[in-house]
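Dear colleague,

I am handing over the structure we spoke about, and I would be glad if you looked through it before reading on. My notes follow below it.

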Amino acid sequence: MSIVVPVGLTEEAAIRTAILEAFPFYRDSPGVVRESMDAAMQYQVLPAGTFFYREWDVCPHFAVVISGDIRVYKTGGMGREVTLYHVQDSEPCLVNLISVLLSRPAMATAVTEVETSAVLFPGASLGSWMAASEALRLFVFESIAARVVNVMTLVEEVAFQHMDSRLGALLLKRFGTRQSFSATHEEIAAELGTAREVVSRVLRDFAQRGAIRVTRGSIELLSAETLLQLM
């Protein structure tokens, strides 16, 4: 997200205004709502590994990420984790929004994967701001709809796809334009909601078939075509 600092304001006020102006839901809201948001907004930078909220917490604020990555996940009775979705640039968090709007405990846990900057607003103000701002209502409803699609896709993957397909898709996403990335088998297992032994078995099979090379803490892409065939 690109932020341009306006001239003619104090440094702190200029930075606050520049941050908020980057969001359409702020720019397109009525003046009284913008003034209220500006007065209430908090800017925070969260180091990697910071818990934004834990399951069963009631969230006092709702947040929109400026840059970074927040992983939202559920933990099962045996301690196994499954990633529901990631919150990245210019996005809010579905679980956070639901907790704020319904005043209910969070249904999952959220932790920063990398250093993450975000704007926080008091949860108590969200309802009145939405009532007064069509732009904010649209932003919230579109965000909820997008996350529901994410979660439904996850349910479909877990229910109907083999682990080979799910792991292969995750690897291709992680590779992107890179030839390798760093990750442990435990981290990949948590992302997919499965056991480390399952991930290790499938990775070993992919490696034996020439699609990837697995070293300690790193995975290298050898043949994207072969990996696609194995999915």
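Is the crossing of H7 and H8 left-handed or right-handed? Before the answer, please keep in mind that this is a predicted model. In this model the crossing of helices H7 and H8 is right-handed.

The helices themselves

Two packed helices are described by the angle between their axes and the distance between the axes. Helix H7 covers residues 163-175 and helix H8 covers residues 185-192, and the two pack at an angle of about 110° with 11 Å between their axes. H7 is therefore roughly perpendicular to H8, since angles of 65 to 115 degrees are counted in that way. On the side of H7 the contact is made by Met-163, Arg-166, Leu-167, Leu-170 and Arg-174, while H8 contributes Ile-188, Glu-191 and Leu-192. Sorted by class, the residues of this contact comprise five nonpolar and three charged ones, with no polar residue.

H8 also packs against helix H9, which covers residues 196-208, again at an angle of about 110° but with the axes 8 Å apart. H8 is therefore roughly perpendicular to H9. Here His-185, Glu-186, Ile-188 and Ala-189 of H8 meet Arg-196, Val-199, Ser-200 and Leu-203 of H9, and the residues of this contact divide into four nonpolar, two polar and two charged.

Beyond H9, Arg-209 sits in the loop between H9 and strand E9 (212-215). If its neighbours within four places in sequence are left aside, Arg-209 is in contact with Thr-226 and Leu-230. From Tyr-73, by contrast, Arg-209 is separated by 136 residues in sequence and by 32 Å in space, taken from C-alpha to C-alpha.

The empty spaces

Rolling a probe the size of a water molecule over the atoms shows where empty space is left. The largest pocket has a volume of about 880 Å³, and among the 27 residues that line this pocket, Thr-83, His-86, Leu-170, Lys-173 and Glu-191 are the closest to its centre. Strand E5 (81-87), helix H6 (134-160), H7 and H8 each supply at least two residues of the pocket lining, which by class has nine nonpolar, seven polar and eleven charged residues.

The residues lining the largest cavity are Phe-52, Ala-63, Val-65, Ile-70, Val-87, Cys-93 and Asn-96, and by class they are six nonpolar and one polar, with no charged residue.

With kind regards

Key
Residues are numbered from 1 along each chain as its sequence is written. This is a predicted model: local features need pLDDT of at least 70, side-chain atom pairs count only at pLDDT 80 or more; totals for chains, interfaces and linings use all residues. Side-chain values use heavy atoms; hydrogens and water are left out. Axes are lines fitted to C-alpha atoms, for helices over the stretch in contact, and angles run from 0 to 180 degrees between N-to-C directions. Helices (H or I, at least four residues) and strands (E, at least two) are DSSP runs, numbered from the N terminus. Angles under 35 degrees count as roughly parallel, over 145 as roughly antiparallel, 65 to 115 as roughly perpendicular and the rest as oblique. A crossing is left-handed if the near helix is turned anticlockwise from the far one by less than a right angle, and right-handed if clockwise. Contact means heavy atoms within 4.5 Å. Ala, Val, Leu, Ile, Met, Phe, Trp, Tyr, Cys and Pro count as nonpolar, Asp, Glu, Lys and Arg as charged, and the others, Gly among them, as polar. On a 1 Å grid over the protein atoms alone, a cavity is a set of points where a 1.4 Å probe fits but cannot get out, and a pocket is an open set with protein on both sides within 12 Å along at least five of seven lines; lining residues have an atom within 4 Å of a point. Grid points are joined across faces, edges and corners, and a volume is the space filled by probe spheres set on the points.
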